[in-house]
Amino acid sequence: MADARIIFHLPRRYLQDFATIGHLRIFARLADLLRPRGAVIEVRDRRLLPFDGGDAGAYADGNLHIIENGRVRGPGVLNTTMAYLPPYWHLDAAGVLAESSIGARAYDRRSVPVKPAMALLADLRTRWVTPRRSRHTQEAAIANLPRGCIAVFMQGTLPQDRGLAHCAPEVMLRAVQAGAGARPVLAKPHPLAIAHDLAVIARVPGVTACSANLHDLLAACAVTVSFNSAVALEGFLHRKPAILFGPSDFHHFAETVVDPATFPAALSAALARPPEGFAQYLSWYFGRNCLNVEGPRFADKALAIMAEAGFPAERLGIGG
């Protein structure tokens with residue numbers, strides 16, 4: 001029997017130069033790891049098969065399919081995308097981001113050593129907090145924002161489009177404003193959906209649109225609110241608790257609101273969260289459950305994930 005091939009499913013515009021694209025970096029790392037060991041890798045247009053759900057049987061050809069931002073569950077498929085913050089990525093048979101297998105895993109803070117967790121937190125803060133940077137361009141000017149506010153991070157329509165929200169954005173904003181008490185509510189539009197989000201914010205009296213650098217907003221706020229935004233994890237870098245109005249794979253360390261009427265209880269619980277523990281959760285989430293494309297264990301962890309998916313080294317025809 002011929003060795004199984006590894007097939008990368010990528011957006012068409014990146015088929016030729018994927019190795020130079022930052023948000024596809026895991027594919028370059030996998031190619032650098034596997035090709036010298038004898039793996040046969042093909043690159044295909046992601047749209048040729050149903051990458052956003054659909055019939056998993058379309059991939060059942062005996063090869064290993066790795067799908068960028070995929071939502072396919074079935075034999076021979078691994079989904080991958082950046083796990084909120086580089087250098088961490090998902091490589092997951094269940095899905096990515098809110099749908100990754102991390103959400104089904106049990107988190108026990110007692111199992112996470114404090115010293116390496118603090119080192120990882122310090123590294124992430126050096127990468128993101130100190131330079132006040134994020135995955136999307138942020139304002140350079142330092143903003144003077146009300147301390148103790150509630151920071152809502154909008155996400156356009158993507159959570160609703162993907163079935164990953166418990167309500168509509170306007171419903172979320174109205175619930176937050178109604179339950180905020182004396183705390184100001186500031187809402188930051190998503191950089192890729194500014195017009196949509198500003199229109200939603202304008203329909204909710206008492207909520208102020210905010211375009212400030214997200215790290216200024218995170219430093220000032222008491223709690224973050226979103227459906228399942230990466231900014232919630234960036235908030236953890238500031239030791240700020242999160243409230244989520246949608247399913248997520250980091251729900252273990254956040255309050256999740258399914259019924260908008262329960263927001264006040266979720267706010268009370270979030271504000272009562274102790275300031276310690278953020279480093280350990282980030283260490284568990286990123287260090288144990290994601291692939292660090294810069295880390296020394298990338299090869300071992302990537303090969304272990306492939307083997308668990310039914311593609312050990314011998315099936316792929318690769319050496320040690």
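Is Asp216 buried or exposed? Asp216 is buried, with a relative accessible area of 11%; buried means under 20% relative accessible area, exposed over 50% and partly exposed in between, using a 1.4 Å probe and protein chains only. Please keep in mind that this is a predicted model, in which local features need pLDDT of at least 70 and side-chain atom pairs count only at pLDDT 80 or more, while totals for chains, interfaces and linings use all residues. Residues are numbered from 1 along each chain as its sequence is written, and side-chain values use heavy atoms, with hydrogens and water left out.

**Salt bridges**

- The whole structure holds 16 salt bridges, each defined as a side-chain nitrogen of Lys or Arg within 4 Å of a carboxyl oxygen of Asp or Glu.
- Asp216 pairs with Arg132 in one of these salt bridges, with the closest N and O atoms 2.7 Å apart. Asp216 belongs to helix H6 and Arg132 to the loop between H2 and S6, so this pair ties together parts that are 84 residues apart in sequence. Helices (H or I, at least four residues) and strands (E, at least two) are DSSP runs, numbered from the N terminus.
- Glu294 and Arg127 form a salt bridge too, at 2.8 Å between the closest N and O atoms. Glu294 is in the loop between strand S12 (291-292) and H10, and Arg127 is in helix H2, so the pair ties together parts that are 167 residues apart in sequence.
- A network of salt bridges links Arg25, Asp123, Arg127 and Glu294.
- Within helix H4 (residues 169-179), Glu170 and Arg174 are 4 residues apart, or about one helical turn, and their side chains meet in a salt bridge (3.0 Å, N to O).

**Helix H7 and its surroundings**

- Here 8 of the 8 residues of H7 are buried, so this helix is largely enclosed by the rest of the structure.
- The buried residues of H7 pack against helix H2 (114-129), strand S6 (150-153), helix H6 (214-220), strand S9 (223-226), S10 and helix H9 (278-289).
- Ser229 caps the N-terminal end of H7, placing a side-chain oxygen 3.0 Å from the backbone nitrogen of Val231.
- Just after H7, Arg239 takes a positive phi of about 60 degrees.

**Aromatic rings**

- There are 17 aromatic pairs in the whole structure. Rings of Phe, Tyr and Trp (its six-membered ring) pair if their centres lie within 6.5 Å; planes under 30 degrees apart count as stacked, over 60 as edge-to-face and the rest as tilted.
- Phe236 and Phe253 make an edge-to-face pair, 5.5 Å centre to centre with 90 degrees between the planes. Phe236 is in helix H7 (residues 230-237) and Phe253 in the loop between strand S10 (242-244) and strand S11 (255-256), so the pair ties together parts that are 17 residues apart in sequence.
- Phe236 and Phe253 are both buried, and ring pairs link them into a cluster whose members include Tyr88, Tyr107 and Trp284.

**Nonpolar cores**

- The largest nonpolar core has 32 residues, of which Ile6, Phe8, Ile26, Leu30, Leu34 and Ile66 touch the most other members. Such a core is a set of buried Ala, Val, Leu, Ile, Met, Phe, Trp, Tyr and Cys residues joined through side-chain atoms within 4.5 Å.
- H1 supplies the largest share of this core, 6 residues.
- A second, separate core of 31 residues includes Tyr88, Ile102, Leu124 and Leu282.

How values were computed:
Contact = heavy atoms within 4.5 Å. Polar contact = N/O pair within 3.5 Å; in protein donor to acceptor, adjacent residues only side chain to side chain.
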